[in-house]
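Okay everyone, thanks for coming.

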Amino acid sequence: MSKFKDFLVVSKIAFRETIKKLNKSYMVFIFILINTIFENNQFSFGVVGNTIGGIVKYFIGVIISCYVVQSLSSVVKYGNTGKSSLENSIGNFFAPMIETMFWVYLLDMFINLLLVNFPGKARMVVVLIIQILLSSIYEQIYLNGRSGINAIVESATFVKNNPLHYGLYSLIFIIVELYLSMRYAISQPMGINKIIVCLIIGLIHTGFMLFRGILFKHLNEHSYRQRKFMGWS
């Protein structure tokens with residue numbers, strides 16, 4: 001019962017702090033919206049240019065993610081919008097982001113090859129579990145200073161050690177975002193309806209990323225025993 005109470009108390013603290021910092025998170029929203037639109041559009045580079053185009057898209061995605069992470073770092077760690085530190089986004093996070101996303105890409109490719117003959121539902125379950133285990137990668141990068149394989153291992157370990165406090169929220173968000181994407185056919189060509197859906201997903205994603213960062217910070221800085229000693233549970 002004490003662990004469930006701890007879950008409620010930590011969630012309440014994280015929600016309360018998230019609400020207080022929402023007005024500082026508009027830069028986070030802007031870059032998450034850009035990333036949402038970018039990731040959900042098909043770019044045609046022609047038959048010859050597909051490989052090069054894929055690489056270019058990969059690098060652009062990493063660069064956008066650097067700005068997302070820099071903005072999150074400013075809000076979660078310092079409680080400011082991060083406008084003044086945006087120029088440092090590439091310098092601070094490009095190297096750890098490119099290294100980490102490279103290993104995530106290899107892991108995804110390996111999992112896809114491994115599951116190629118599995119039933120569709122089984123593949124979906126495995127992919128969902130992998131997404132949950134990797135859900136704290138951004139926090140590992142901008143709050144813990146991890147990168148590459150280390151960030152992946154630490155993310156999986158953190159989620160495994162906090163299945164209720166952190167894993168449950170990650171599962172809920174993944175399901176919500178997947179539902180919105182499938183329900184409103186976000187893979188369709190750009191139009192007013194798609195822009196509205198991207199705005200909705202961007203707002204939800206922003207709130208969740210902010211909440212998740214604050215939650216991660218509290219869980220990472222204070223163990224369950226420390227929280228009990230502090231009277232949290």
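Let's start with helix 7 and helix 8, which are roughly perpendicular to each other. Why do we say that? Their axes cross at roughly 110°, and anything from 65 to 115 degrees counts as roughly perpendicular. The two axes also come within 6 Å. And just so you know, this is a predicted model.

So who is touching whom here? On the helix 7 side you've got Phe158, Val159, Lys160 and Asn161, and on the helix 8 side it's Pro163, Tyr166 and Gly167. Sort the residues of that contact by class and you get 4 nonpolar, 2 polar and 1 charged.

Okay, stay with helix 7, but look at another partner: helix 4, residues 89-114. Helix 7 itself covers residues 148-161. These two axes come within 7 Å and cross at roughly 65°, and that makes helix 4 roughly perpendicular to helix 7. The crossing is right-handed. From helix 4, the residues in the contact are Pro96, Glu99, Thr100, Trp103, Val104 and Leu107, and they meet Gly148, Ile149, Ala151 and Ile152 of helix 7. The class count for this contact is 7 nonpolar, 2 polar and 1 charged.

Next up, helix 2 and helix 9. What angle do they pack at? It's about 130°, with the axes 9 Å apart. That makes helix 2 oblique to helix 9. This crossing is right-handed too. Helix 2 brings Val28, Phe29, Ile32, Leu33, Thr36 and Ile37 to the contact, and among their partners in helix 9 are Cys198, Leu199, His205 and Met209. By class, that contact has 10 nonpolar residues, 4 polar ones and no charged ones.

Last thing: the empty space. Rolling a probe the size of a water molecule over the atoms shows where such space is left. Here, the largest pocket holds about 2,100 Å³.

By class, the lining has 26 nonpolar, 12 polar and 5 charged residues.

How values were computed
Residues numbered from 1 in each chain as written. Predicted model: local features only at pLDDT ≥ 70, side-chain atom pairs only at ≥ 80, totals over all residues. Heavy atoms only, no water. Axes fitted to C-alpha atoms, helices over the stretch in contact; angles between N-to-C directions. Helix = DSSP H or I, 4+ residues; strand = E, 2+ residues; numbered from the N terminus. Parallel < 35°, antiparallel > 145°, perpendicular 65-115°, else oblique. Left-handed = near helix turned anticlockwise from the far one by under 90°. Contact = heavy atoms within 4.5 Å. Nonpolar A, V, L, I, M, F, W, Y, C, P; charged D, E, K, R; others polar. 1 Å grid on protein atoms, 1.4 Å probe; cavity = no way out; pocket = protein on both sides within 12 Å on 5 of 7 lines; lining within 4 Å. Points joined across faces, edges and corners; volume = space filled by probe spheres on them.
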